[in-house]
Amino acid sequence: MRETIARLMARSKREIPHYYLTTTVDLSAALAWMRERNADLPISARLVPAALLLRATAVATARHPALNGFWVDETFRPGGGVHLGLAISLRRGGLVAPAIHDADRLSVIETLAAMRDLVVRARAGRLRGSEMADPTLTVTNLGEQGVESVYGVIYPPQVALVGFGRVVERPWSVDGLLGVRPVTTLTLAADHRATDGFTGGRYLATIDDLLQHPEEL
Amino acid sequence: MSTQQTRPTAEAARGAVQAAVRHVVPDADFDDVDDDTPSRGEFELDSLDFLGFAETLATLTAVPIAEADYPRLVTMATCVGFLTGAGDGS
């Protein structure tokens, strides 16, 4: 597995002219909505922040198709659906990023169920070939392990990778008033051959905007 | 406010915590883990793992776990304290 990762990542850094964008997203609306919703539910039906982040990413990716697909033979080929690759660390070392197929068509609940199913099967070594083969954009939630931001290496031939950092409490000003809010650092690593920073910036703004209206996710 | 319920003994609570961790990390080894070591870091539990852990723990002990209780499930010591009702003041 180490060899495969080494080969892919070396190819990525050798061939893909990465550009990186970052923005800080206020999660207070999303987390408040989630807590209220979770309050009356059994644990098995409760949401986690990662499901909201992934859902917002899926919706935004459908709206910005220039970041969803592959760079092949010197040209961009759009993905045939939003198949989000979910970076999953394996307990014995290594990393896989299998796809959640048509993630933009799943509800938040279905997104969480798909994530749980994928993580369990990834760690049990029971992924399907199609899941490994066709992610159209990868998401890494390395923040779960403590880092505040992640500037990823694109998984070739994909053209973008989204990273979420740890949710941290930070001083935050709204309408001139200072408060403490839960925030996450959202990053995009994208292939400059396929898109420009302007597109990437609008994409991150869309994810941010979606997370401010969690009830609509 | 508090409803009457049967709480597990400290020993049973400890066993349930270990079983719940092993439910998500089958080869988890507790031999060298201090009671005050945060489990999420020690066993590399992400939020989905933690959900599975909490779910199993609630099933095994029949102690209801609200989302607001998650911060009390950090170490073996705090888990046992929560499950046995220590510090609830009742």
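## Strand S11 and its partners in chain A

In this predicted model, A:Ser173 stands opposite A:Leu178 in strand S11 of chain A, and this pair of residues belongs to the antiparallel pairing of strand S10 (residues 168-174) with S11(A), which extends over seven bridges. The two strands form a hairpin with two residues between them, and in the turn A:Asp175 has a positive phi of about 50 degrees.

Strand S11, which covers residues 177-191, also pairs in the antiparallel sense with strand S1 (residues 18-26) of chain A, over nine bridges. A further antiparallel pairing, over five bridges, joins S11(A) to strand S9 (residues 160-164) of chain A.

## Strand S9, covered on both faces

Is strand S9 of chain A enclosed by the rest of the structure or open? Five of the five residues of S9(A) are buried, so the strand is largely enclosed by the rest of the structure. Both of its faces are covered, with A:Ala160, A:Val162 and A:Phe164 buried on one side and A:Leu161 and A:Gly163 buried on the other.

The bridge partner of A:Val139 in S9(A) is A:Val162, and A:Val162 in turn has A:Leu188 as its bridge partner in S11(A).

## Two contrasting residues

A:Pro171 has its place in strand S10 of chain A, and this residue counts as exposed because 9 other C-beta atoms lie within 10 Å, where the cut-off for an exposed residue is 12 or fewer. Leaving aside neighbours within four places in sequence, A:Pro171 is in contact with A:Leu178 and A:Val180. A:Pro171 and A:Arg181 are ten residues apart in sequence, and their C-alpha atoms are 6.3 Å apart in space.

A:Thr136, by contrast, is found in the loop between helix H5 (129-133) and strand S8 (137-140) of chain A. Why does A:Thr136 count as buried? The reason is that 25 other C-beta atoms lie within 10 Å of its own, and a residue is buried at 20 or more. If residues up to four places away in sequence are not counted, A:Thr136 touches A:Asn68, A:Gly69, A:Gly79, A:Val82, A:His83 and A:Gln158. The C-alpha atoms of A:Thr136 and A:Ile154 are separated by 11 Å, and these two residues are 18 residues apart along the chain.

In soluble globular proteins, nonpolar side chains tend to be buried together. In this model the largest nonpolar core has 77 residues, and those with the most contacts inside it are A:Leu54, A:Leu84, A:Leu86, A:Met115, A:Ala160 and B:Val17. Helix H3 (residues 49-63) of chain A gives the most to this core, with eight residues.

The surroundings of A:Leu84 can be examined in detail: leaving aside neighbours within four places in sequence, A:Leu84 is in contact with A:Leu54, A:Thr57, A:Ala58, A:Ala99, A:Ile100, A:Ala103, A:Pro135, A:Leu137 and A:Val139.

## A helix of chain B

In helix H4 (residues 76-84) of chain B, the buried residues are B:Met76, B:Cys79, B:Val80, B:Phe82 and B:Leu83. Seen down the axis of H4(B), these buried residues fall within an arc of 165 degrees, so they line one face of the helix. An α-helix has 3.6 residues a turn, so residues three or four places apart point the same way. The buried residues of H4(B) pack against helix H1 (10-24) and helix H3 (47-61) of chain B, and just after H4(B) the residue B:Gly85 takes a positive phi of about 85 degrees.

## Where the chains meet

The contact between the chains takes 14 residues from chain A and eleven residues from chain B. On the side of chain A that touches chain B, helix H2 (28-38), H3 and helix H4 (108-123) of chain A each supply at least two residues, and H4(A) gives the most, with three residues. By class, this side of chain A has seven nonpolar, two polar and five charged residues.

## Chain A as a whole

Chain A has six helices and eleven strands, and 41% of its 217 residues count as buried. A compact globule of 217 residues would have a radius of gyration near 17 Å, and chain A, with 17 Å, agrees.

How values were computed:
Residues numbered from 1 in each chain as written. Chains lettered and ligands numbered in written order. Predicted model: local features only at pLDDT ≥ 70, side-chain atom pairs only at ≥ 80, totals over all residues. Pairing = 2+ DSSP bridges. Helix = DSSP H or I, 4+ residues; strand = E, 2+ residues; numbered from the N terminus. Arc of directions from axis to C-beta. Contact = placed C-beta atoms within 7 Å. Core = buried A, V, L, I, M, F, W, Y, C linked by C-beta atoms within 7 Å. Nonpolar A, V, L, I, M, F, W, Y, C, P; charged D, E, K, R; others polar. Rg over C-alpha atoms; globule rule 2.2 N^0.38 Å.
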